[in-house]
Amino acid sequence: MTSRSPILAIRDLSVAFRTGKQDVTVVRNVSIDVMPGQTVAVVGESGSGKSTTAAAINRLLPDGGRVTGGQVLFEGRDLAGVSEREMTAIRGPGIALVPQDPMSNLNPLMRIGDQVGEALEVHGVASGRAARERVTELLDMVGIPDPARRINQYPHEFSGGMRQRVLIAMGLACRPKLLIADEPTSALDVTVQRRILDRLAELTADMGTAVFLITHDLALAAERADVVAVMYQGEIVETGPAAELLTAPAHDYTRRLLRAVPSLSSARLTDPPQATDPSVRQADPPRDAGPSQDASPPPVLRAEPTRDTEPTRETRDAEPTRQTRDAGQTPPAGAAREADDLVVIEDLRKVFPIRGSTAEVTAVDAVSFGIPRGRTVSIVGESGSGKSTTANLLLGLDDVTSGRIRFDGADVTSLGRRELFAFRRRVQPVFQNPYASLDPRYTVAKSIAEPLRVHRVGTAATRRKAVAELLDQVSLPASTAERLPHELSGGQRQRVAIARALALSPELVVLDEAVSALDVLVQAQILELLAALQRELGLSYLFISHDLAVVRMISHSVHVMRHGRIVESGTASEIFDRPSHDYTRELLAAIPGTAQRA
């Protein structure tokens, strides 16, 4: 094999899945070459065949999938003709995989260090003390803090972004010749993303490692790939050098993708802050759902006015003010809040004990902010900065160590069981991973109706009517109702999760990385949907994301978190146009494509 021979050559590859009594072709006549040391990115919307192509390379197609035509040649060898034992030997040092979903690709019963070390031992790279030292180096390389201690922890003790970094460490463990990276940084904040991708670039330069990158992030593809292939409905519709293809696309579909990419110059989806009519939101059963079947309906949260919540002329008329805080500075607990704040968080603190140790980790430290009615408040920051922990504390999924969370004037941290049940009717979450947040055994209709049934809202007939209206509201066809989650695309599943969150007519929706794993076309549709629902229903959002361009589009105000503290707060325009904290500027500078635009 000459130096110019591709390390991976895909020739007229076709893949089909058995559905009932017929085969459905999902990848059709795909041909791609990857040269040693080259990065080739495959981009396209959810369901276009990107991940299926990647799975076919490594012979890891799910049940029902099979290659129906073409070849996959690795170092000139047709992988279809090798035994499973030979294929096992190729995986790791030959072809390594970084999968997308860390929740389903890490064993919840094994320590992180053992899982990363397993790859080293299976392929004879290292064992014993040497393997442990190598695992520590790998975790440090991918940005896991205090790796010598964290190797003894379990996946549930890591944030989503940190779990994704563990998968990347596993993929790099055996220094592979070809790395298949399926959305490897979709769960990572921009600073860690840049660090990981810089490391991948170093491997490519130093060892000749080739990267087959699957991504929905066109800015990332433009910045990191040598060649970009665009997939649409199972076919490659356009291929070319990254700079050329993304600056002068020839295919209509590529142009559509580029128009949908969010950037710091994208149009804002939120209107300037205006007074919200308090009559817009009611606590009545949703969409003519009928009377509650509960003999005694759950109590509606109310609180007597206090000095902290009683509005004054000054607070009623005040606009949100810009705040910049040093890492060690605590904002005053009695800071003025707007009179129409639905949520007021003051001096919130959460400390987690470390398993097997007397030490503790402070995940949230002296955090204070408000969420006005009908507005979107966003939290940005690195993985592990405390964003999701703050959301879990607000949702009541974690206990507060100290501080106060007030919802509509009532202290959430001191609610009894009955009051907490009523609170959860008014506050609903949409989590990052629609694969994990929907019960695989429930139809779409059953998943959406579940909150109505749990809260005894309506009859079976009115709940069916509510499901139909909710599906229409999130732009899903009525036929979706009887389908199971595995029969839907990722974007469709996330729409179902949003519909379920809206079923009880909540006043606050907590969106934790709710669009980070979606391709740009579906992401744009979901963001426009969220903005439209906010205008129509007066919803308030707590929007948590590491995608700063998306945050700018959807937010009224933004809080930047680092090491559990808010270091800067302001309107979206202030944060993105005139950042005053060094860390905020660091986040903005790490956005893919920023270097080229500067």
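Six strands form an open sheet in the order E6-E7-E8-E3-E9-E10, with mixed pairing. Strand E6 (95-98) and strand E10 (235-241) are the edges; each has a single partner strand, so one side of each lacks a neighbour in the sheet. From one strand to the next, the twist averages 15 degrees. Strands are DSSP runs of E, at least two residues, and helices are runs of H or I, at least four, numbered from the N terminus. Two strands pair if DSSP finds at least two bridges between them.

The model is predicted: local features need pLDDT of at least 70, side-chain atom pairs count only at pLDDT 80 or more, and totals for chains, interfaces and linings use all residues. Residues are numbered from 1 along each chain as its sequence is written, and side-chain values use heavy atoms, without hydrogens and water.

E6 pairs with strand E7 (residues 178-182) in the parallel sense over four bridges. Val 98 stands opposite Ala 181 in E7.

Angles run from 0 to 180 degrees between N-to-C directions of axes fitted to C-alpha atoms, for helices over the stretch in contact; contact means heavy atoms within 4.5 Å.

| Helix | Lies across | Angle |
|---|---|---|
| H1 (residues 50-57) | E3, E6, E7, E8, E9 | about 150 degrees to E8 |
| H11 (residues 252-260) | E3, E9, E10 | about 100 degrees to E9 |

Lys 387 is in H13. The side chain of Lys 387 reaches the backbone oxygen of Glu 382 at 3.1 Å.

Notes: A polar contact is a pair of N or O atoms within 3.5 Å; within protein, one must be able to donate a hydrogen and the other to accept it, and residues adjacent in sequence count only if both atoms are side-chain atoms.
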